[in-house]
Amino acid sequence: MRAGQIVLGAGRRLRPQDAGLISSLGIDRATVVRRPRARLVVTGGEVVAPGQPKGEWDVYDANSAMLRALVVRDGGEIEGHVRPGDDPARIAEAMTAPGADVVLLSGGSSVGAEDHAPRLLAQAGELAVHGVAMRPSSPAGMGRIGARLVFLLPGNPVSCLCAYDFFAGRAIRLLGGLGAD
């Protein structure tokens, strides 16, 4: 440690009193790791926002609220939230738009006619993994678009939770300077 430098424990979040302490020691700058910014992309033409009327075959969006809370729990912040339905152009736009460090794409990650996410990720960047043999959480996948991490999470809420905790949550914690566990 050099003169005028203070080191806090790894993974510690700065509190207002920490900023005051650092300043009272005459230190005018601190090196920090910013919170990772996550964009939620919840696909599916049948997915309806809670509180909105739904049709006979529609389902309420449980994954958005759950993923928001998980990202915050893991030290990230929500950069944006999109419900593009099953429109491939809108899904691709949500995955590639600037501003997010991580994209969490819920639904559309399997092999059906409306499951566009794996193909779109492969076209825009790299689909590194698709179809993890894990229950529940299949069909999960992951890859990159430039430096941005993209996680393909199942639409089923339980599978989405498991895939998030096993893959995306660890990545968000690491990007934010926290431990993987």
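Two strands are taken to pair if DSSP finds at least two bridges between them, and helices (H or I, at least four residues) and strands (E, at least two) are DSSP runs, numbered from the N terminus. The structure is a predicted model, in which local features need pLDDT of at least 70 and side-chain atom pairs count only at pLDDT 80 or more, whereas totals for chains, interfaces and linings use all residues. Residues are numbered from 1 along each chain as its sequence is written, and side-chain values use heavy atoms, with hydrogens and water left out.

On these terms, β1 and β5 run parallel and are joined by 5 bridges; leucine 40 has leucine 104, in β5, as its bridge partner. Both strands belong to an open sheet of 6 strands with mixed pairing, in the order β4-β1-β5-β8-β7-β6. At the edges stand β4 (77–85) and β6 (126–130), each with a single partner strand, so one side of each is left without a neighbour in the sheet. From one strand to the next the twist averages 20°. Helix α2 lies across β1, β4, β5 and β8, and runs at about 160° to β4 (axes are lines fitted to C-alpha atoms, for helices over the stretch in contact, and angles run from 0 to 180 degrees between N-to-C directions).

Tyrosine 164 touches (heavy atoms within 4.5 Å) residues including Leu67, Leu70, Leu104, Leu153 and Ile172, not counting residues up to four places away in sequence.

A search of the whole structure finds 1 aromatic pair. The rings of phenylalanine 166 and phenylalanine 167 have centres 4.9 Å apart and planes at 80°, so the pair is edge-to-face (centres within 6.5 Å; planes under 30 degrees apart are stacked, over 60 edge-to-face and the rest tilted). Phenylalanine 167 counts as buried at 17% relative accessibility, whereas phenylalanine 166 is partly exposed at 41% (buried is under 20% relative accessible area, exposed over 50%, partly exposed in between, with a 1.4 Å probe and protein chains only). The charged end of arginine 170 sits over the ring of phenylalanine 166, 5.0 Å from its centre (the criterion is NZ of Lys or CZ of Arg within 6 Å of the ring centre and within 35 degrees of the ring normal).

Methods
Rings of Phe, Tyr and Trp (its six-membered ring) pair if their centres lie within 6.5 Å; planes under 30 degrees apart count as stacked, over 60 as edge-to-face and the rest as tilted.
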